[in-house]
Amino acid sequence: MSPATRLPSSRKGLTGCPLNWQEGSRPVSFLLECPLCGPREVTEFRYGGEAQARPAPGSAIADWSAYLYGRDNVAGPERAWWFHRDACRRWFQADRDTITNDVNRVGWLIDD
Ligand SMILES: [Zn+2]
């Protein structure tokens, strides 16, 4: 099935680039709630990577290397750092499902 045949009749003939659009697909953009400013479009933020425990001072080089360069790149629930680039310019953490983009929890430093 070609991408054009997957388009509903309301989308046929549009000049945008809907090649990746599929029936039932979710939009890429989503709302992220800054602890200070409230809910905003995710385009206002910068992704800062997976939140990880920082190694203790004097830890082995392998531990620091894993902390600095190792990524789990999970498909599912993830805790990550976010920077509110377009407003308060504060860093915070968010628990988000990377598949559905559902944000379950935000906080300055989420501590379970
Ligand atoms: Zn903010």
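**Close-up 1. V103 is a partly exposed residue of strand β6 in this predicted model.** V103 has 17 C-beta neighbours inside 10 Å, so it counts as partly exposed; a residue needs 20 or more to be called buried. Strand β6 covers residues 103–107. Now look for partners that come from elsewhere in the sequence. V103 and L31 are 72 residues apart in sequence, yet their C-alpha atoms are 8.1 Å apart in space. Leaving aside neighbours within four places in sequence, V103 is in contact with L32, E33, A94 and R96.

**Close-up 2. N101 sits in the loop between β5 and β6.** Strand β5 spans residues 91–97. The phi angle of N101 is near 65°, a positive value in a residue other than glycine. N101 is partly exposed because 15 other C-beta atoms lie within 10 Å.

**Close-up 3. N73 belongs to the loop between α2 and β4.** Here, helix α2 takes in residues 61–69 and strand β4 residues 77–83. Phi is positive for N73 too, near 50°. Is N73 buried or exposed? With 8 C-beta neighbours inside 10 Å, N73 counts as exposed, because the cut-off for that label is 12 or fewer.

**Close-up 4. The whole chain puts these views in context.** Two helices and six strands make up its list of elements, in the order α-β-β-β-α-β-β-β from the N terminus. Of the 112 residues, 5% are buried. Among contacts with a separation of 6 or more, 44% join residues 24 or more positions apart.

Conventions:
Residues numbered from 1 in each chain as written. Predicted model: local features only at pLDDT ≥ 70, side-chain atom pairs only at ≥ 80, totals over all residues. Helix = DSSP H or I, 4+ residues; strand = E, 2+ residues; numbered from the N terminus. Contact = placed C-beta atoms within 7 Å.
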